[in-house]
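I opened my notebook today to look up a few spots in one protein chain. Come along and follow each entry in the viewer.

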Amino acid sequence: MNHLEPASQSRQQQIFTVTRLNSAVRMILEQDLGLVWLTGELSNLAMPSSGHWYFSLKDMSAQVRCAMFKGNNRRVPFRPQDGMQVLVQARVSLYEPRGDYQLIIESMQPAGDGMLALRFEELKRRLGAEGLFDEGRKRPLPREPRAVGLVTSATGAALHDMLTVLRRRAPDLPVFIYPTQVQGSAATAQIVSAIMLANRRAEVDVLIVGRGGGSLEDLWCFNEEAVARAIAGSAIPVVSAVGHEVDVTISDFAADLRAPTPSAAAELVAPDRSTRAQRLVHLRQRLTQAMSRHQVAARHGFVLLQKRLDHQDPKRRLEQQSQRLDELDRRLQQHLRDRLHQGERRLAGLAMRLQARSPEKLLAIGKRRHQLAEERLHALIAKRQDLARHRLAMLGARLDGISPLATLGRGYAIVRTPSGEVIRRASQVNAGQTLITTLAEGALRVRVDEVDNC
């Protein structure tokens, strides 16, 4: 019993209400996961009058419910539609009244470049966490290099620009070219092989790895992990010179120095008569990198502060209440529609019943019944008349058979006294008595002269 009592008490302490459990799960999801990036296809998009958006994000095998409140969706520069592929930044949360896991969308953009940007940020974060971009690993460029290596396309404009700058600034400086593709699926392996080849030969003091400008897809081989690791692992200092000044790649972070353009990279590696100008360029690079680190740290601090504010700010509860209001409004509208349909069906039934009991219809039915009854009565009367005629004929025939008139027609006569007594025996008559004799045609009044009783 002593072992069971503490366990029972422990179970009692862990009993949750549903509300408390949902609240605890929501806090765990929001605190542990924070902001996440994900991509998917929009479906079941709803835009109620409140201005909030509700939809699902799905891929080939799963989906998740999402809500984007009007304070955030006003910043979306396009009109989302079902079936559209999008990239979103979201907070993982839980809709407590229903216990549904959902995402609160902070930003949205069409998928495509957004996917590449997501891959860029993920690789940058992972390699940065490994220390691949640490400033302590970066080496200064040689002040007086014995030779310069160029890892770039043998036919690109970037090679021509760099050679032009190098010939102008240091005509006697040897230049070794390690040609490679700088665009397409095969470029990554070729760039890595060229960097490794330059390290094996050890014939240059500094390498420039780069190409001219292009789209994000064109420059993507310089955002691959293999290229970044090859640059970071190079025993020869590397200058990254990819695209234009606004283009930033993973190679820029992994290299010992980033140049805004291939021509600028050639300016940096070539011996400069003005040490001060070289130092200023170097200080500018260090300042840019320091500002970048400061911005990253500031963004990280802002995200932490934003998370703390989200947990304490009533905006969160207002968002949830607004979402619940939208849901209740939807349920109310559905209930009203159901009641309206029920009323319409009932009204239709009553109309049918009323139509069935219409006086005009009942009068028509009565007239029809009266007509049928009248027809039946006439038919019955005719039938009864026919039967009566037939019976009368039969009775007439029978009466003719027993009629005295028929007997009289055969020559017999009926003798009566004047009082009407029929004379059947001679004893009923006295001599001199007057009798009436009825014949078949007419009657005779006779006087009896003699009575014969024999």
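Predicted model: local features only at pLDDT ≥ 70, side-chain atom pairs only at ≥ 80, totals over all residues.

Entry 1: Strand E12 (residues 434–438) pairs with E13 in the antiparallel sense, and I noted five bridges between them. Which residue of E13 stands opposite Ile 436? I found Arg 445 there. Four residues sit between the two strands of this hairpin, and Gly 442 takes a positive phi near 90 degrees. Next I asked myself whether strand E13 is tucked away or in the open. Of its five residues (443–447), the number buried is zero, so E13 lies largely in the open.

**Entry 2: the largest nonpolar core.** I then turned to the inside. The largest nonpolar core has 34 residues, and Ile 191 and Leu 207 touch the most other members. Several elements each supply at least two residues of this core, including helix H4 (113–129), strand E8 (206–211) and helix H7 (225–232). Which element gives the largest share? That is H6, with six residues. I looked up what Ile 191 touches, leaving out residues up to four places away in sequence. My list for Ile 191 reads Val 151, Thr 180, Gln 181, Val 209, Cys 221, Phe 222 and Val 227. Another core, of 21 residues, lies apart from the largest one, and I wrote down Leu 150, Ile 208, Leu 257 and Val 269 as being among its members.

Entry 3: Asn 44 is one of them, with a phi of about 55 degrees. I located Asn 44 in strand E1 (residues 35–46). Is Asn 44 buried or exposed? Its relative accessible area is 56%, and the cut-off for exposed is over 50%, so Asn 44 counts as exposed. Ala 202 also has a positive phi, of about 50 degrees, although it is not a glycine. I found Ala 202 in the loop between H6 and E8. With a relative accessible area of 51%, Ala 202 is exposed.

Entry 4: Which residues make the nonpolar surface patch of about 220 Å²? I noted Phe 16, Leu 21 and Val 25. Val 25 lies in helix H2 (residues 18–33). Because its relative accessibility is 30%, Val 25 counts as partly exposed.

Technical notes: Residues numbered from 1 in each chain as written. Heavy atoms only, no water. Patch = residues over 30% accessible without salt bridge, like charges linked within 9 Å, V, L, I, M, F, W, Y side chains within 5 Å. Areas by Shrake-Rupley, 256 points an atom, 1.4 Å probe, with all protein chains shown as cover. Salt bridge = Lys/Arg side-chain N within 4 Å of Asp/Glu carboxyl O. Buried < 20%, exposed > 50% of the residue type's maximum accessible area, 1.4 Å probe, protein only. Pairing = 2+ DSSP bridges. Core = buried A, V, L, I, M, F, W, Y, C linked by side-chain atoms within 4.5 Å. Contact = heavy atoms within 4.5 Å.
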